[in-house]
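Welcome, and please have a look at the structure below before reading on.

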Amino acid sequence: MKTALQPAALFDSSIYHFSQVVTVSGGKHVFLAGQAAMDEKGEPVGGDDIAAQCRQALTNVGLALEAAGATVADLTIVRVYMVDYQPEFIEQLLPEFERFFAGHPPPASTWVGVQRLALPELKIEIEAQALVTG
C-alpha cells in the first residue's frame, strides 16, 4: 500500500506536483532505469525543447511501468536530472508533470541539475520507483 503525506511542518508541495513523504508496505517494488527522450529505436527526440523531451521521458516512464504491471498511481518517487538546470525549467516542465500525474497523488520527487547525460542531445532523464499492491 502507498500513502502520500503532506506534513504540516513542511511547505505544501502539491503545487509542484510532488509529495513530501510517501510510505509503502507490502507489494512488488519496481525500479525503473532513467528514462530519457528516446524513441523505440533509441533515437533522441524533442530537439532542444526540454518540455518536449520531458513529455517523451514521461511517456517512456509510463511504458516501463506498464511493462512491470504498474501504473502512474503506483509511483513512489521520481528523480529528474536536467542538463544545465535553470529555474525557468520549472514553468516549462510542471504542465508535463501535471498531465502525467492527473488524478493521482504525486510521488516524492527530487530535481537535480547535472553537467551532461549519456548522449549530448539529451536534456532530461527521469528515474522512478513504484510499488504495486494487489
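Here are notes on a strand pairing and on a group of charged side chains. Please keep in mind that this is a predicted model.

**Strands and the crossover**

- Strands β4 (residues 75-83) and β5 (residues 108-114) run parallel and are joined by 7 bridges.
- Together with helix α2 (residues 89-101), strands β4 and β5 make a right-handed β-α-β unit.

**Salt bridges**

- The structure holds 2 salt bridges.
- One of them pairs Arg55 with Glu96, with 2.9 Å between the closest N and O atoms. Since Arg55 belongs to helix α1 (residues 50-67) and Glu96 to helix α2, this pair ties together parts that are 41 residues apart in sequence.
- Glu96 also forms a salt bridge with Arg99, where the closest N and O atoms are 3.7 Å apart. These two residues sit 3 residues apart in helix α2, so about one helical turn separates them.

- Is Glu96 buried or exposed? Glu96 is buried, because its relative accessible area of 9% falls under the 20% cut-off.
- Arg55 counts as partly exposed, at 36% relative accessibility.
- Arg99 is likewise partly exposed, and its relative accessible area is 44%.

Conventions:
Residues are numbered from 1 along each chain as its sequence is written. This is a predicted model: local features need pLDDT of at least 70, side-chain atom pairs count only at pLDDT 80 or more; totals for chains, interfaces and linings use all residues. Side-chain values use heavy atoms; hydrogens and water are left out. Two strands pair if DSSP finds at least two bridges between them. Helices (H or I, at least four residues) and strands (E, at least two) are DSSP runs, numbered from the N terminus. A crossover is right-handed if, with the strands pointing away from the viewer, the path from the first strand over the helix to the second runs clockwise. A salt bridge is a side-chain nitrogen of Lys or Arg within 4 Å of a carboxyl oxygen of Asp or Glu. Buried means under 20% relative accessible area, exposed over 50%, partly exposed in between (1.4 Å probe, protein chains only).
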